[in-house]
Amino acid sequence: MITRTRLATGVCALLAALAAGMAFPAGAVADETSAMAPKVDLVLDVSGSMRARDIDGQSRMAAAKQAFNEVLDATPEEVQLGIRTLGANYPGDDRKTGCKDTAQLYPVGPLDRTEAKAAVATLAPTGWTPIGPALLKAADDLDGGEGSKRIVLISDGEDTCAPLDPCEVAREIAAKGIGLTIDTLGLVPNTKLRQQLSCIAEATGGTFTSVEHTDELTDKVNQLVDRAADPVVTPVATTGADQCAKAPTLKSGLYTDREEFGQQRWYRVNVEPGQELRASVSVSADRAVNPSYGVLLRAVTERGREIVRGEAAGNGRTDVVSTGVRYPKAEADDDEDTAPAEAVCLQITHSFSAGSGVQTTPGLPLELTIDVVDGASQSSDVASFGLGRGWWLLGALILTGFLAGLVWGWLSRWRLAVWRTN
């Protein structure tokens, strides 16, 4: 009897342990999924100017509400969505109070469509347009997690809370390296609003769209929310040094950094014998810069000898300049069992210059891609003598020329024989 009791107790304990073991991994997977979920914060201007009735015969506020209801219905299940307002609560004339008027209408998280729609229905055009403070708060709303983060700002007027420039706020957010993108939509925008919203978007790699119809607003917001659900590779924030000896050592991956005007950035990559280093860099102008600029990427040895370089130039028609390099390291000799890796130093320099009155800090954003792969073996290397697959083309051209010459010679002799006969 005692033996049976002990056996039953042991079996129960074993089953409990198995149940617990199965439960904890499930919880861990759920937590990991939540941490990787894409997040979107819709930031809506609810200032007094949203009363204007110039969008399809209805007010801008009514058009925004209609668009929001349709967007909430179409939001993918995996997207964690929130709604923040600016200018929705304070109707007075005190500037200091009006510039603090931003609130989270619906918290960023799993979407309850009914609750979110009910919150949007309560909105009425009220006060100021504190875009800068709202962006700072929205960045906090999206803090945490490793999934994509996107702010969608919808406004019909420029910021009224200077000197806190919303464009500078966007640059500060981008400089934090948290992978947050700000997209902007201007409702019936004037020239000044276009410039401000474009600057905000460009600072974080986002987009600006001018909207004059309700269906345009719905389609664009839906597109941006869907884009947040797309898989993305988030760059790893790093800080380059002012010389090779102090540079951080990087592995294959995507990195982001900031480079001041007139500054150089150095990074190190270890390349084993028989491997090939492939590196590319893109530097973007997130503010007004003078035309005619370029970017230089150099791969050098620790002693300063240049191995290879890549460079590109722009003339003001594009905001991003990119270039890249390749460096295949030869395989070790047969008598060298363990040849050491070579430390290759990457130097990045750009020739952007700030326009008149433009702030020079933080530096311009750069994105560095590094890939260290196995090099092609000599037996299978198709790039022999620098011709690569061109050998096949060259052989085909030679054969074609030879056959064409034979045919042409035979036709010439035949025509000559016919002429002599006649």
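Helices α5 and α6 are roughly parallel to each other, a class that takes in angles under 35 degrees, whereas angles over 145 count as roughly antiparallel, 65 to 115 as roughly perpendicular and the rest as oblique. Helices α6 and α7 are likewise roughly parallel to each other. The model is predicted, so local features need pLDDT of at least 70 and side-chain atom pairs count only at pLDDT 80 or more, while totals for chains, interfaces and linings use all residues. Residues are numbered from 1 along each chain as its sequence is written, and side-chain values use heavy atoms, with hydrogens and water left out.

**Packing of α5 and α6**

- Helix α5 covers residues 131–141 and helix α6 residues 166–175; they pack at about 20°, with axes 8 Å apart.
- Axes are lines fitted to C-alpha atoms, for helices over the stretch in contact, with angles from 0 to 180 degrees between N-to-C directions; helices (H or I, at least four residues) and strands (E, at least two) are DSSP runs numbered from the N terminus.
- I131, G132, L135, L136 and A139 of α5 make the contact with P166, V169 and I173 of α6, where contact means heavy atoms within 4.5 Å.
- These residues comprise seven nonpolar, one polar and no charged; Ala, Val, Leu, Ile, Met, Phe, Trp, Tyr, Cys and Pro count as nonpolar, Asp, Glu, Lys and Arg as charged, and the others, Gly among them, as polar.

**Packing of α6 and α7**

- The axes of α6 and α7 (residues 191–203) come within 8 Å and cross at roughly 5°.
- On α6, P166, C167, A170, R171 and A174 meet Q196, C199, I200 and A203 of α7.
- This contact of α6 with α7 has seven nonpolar, one polar and one charged residues.

**R171 in α6**

- R171 belongs to helix α6 and is buried, with a relative accessible area of 5%; buried means under 20%, exposed over 50% and partly exposed in between (1.4 Å probe, protein chains only).
- Leaving aside residues up to four places away in sequence, R171 touches C199, A203, R258, D286, R287 and P362.

**Aromatic pair**

- The structure holds one aromatic pair, defined by ring centres within 6.5 Å for Phe, Tyr and Trp (its six-membered ring), with planes under 30 degrees apart stacked, over 60 edge-to-face and the rest tilted.
- Y293 and F352 form this stacked pair, at 4.3 Å centre to centre and 20° between the planes.
- Y293 lies in strand β11 (residues 293–300) and F352 in the loop between β14 (342–350) and β15 (364–374), so the pair ties together parts 59 residues apart in sequence.
- Y293 is buried at a relative accessible area of 5%, and F352 is buried at 4%.
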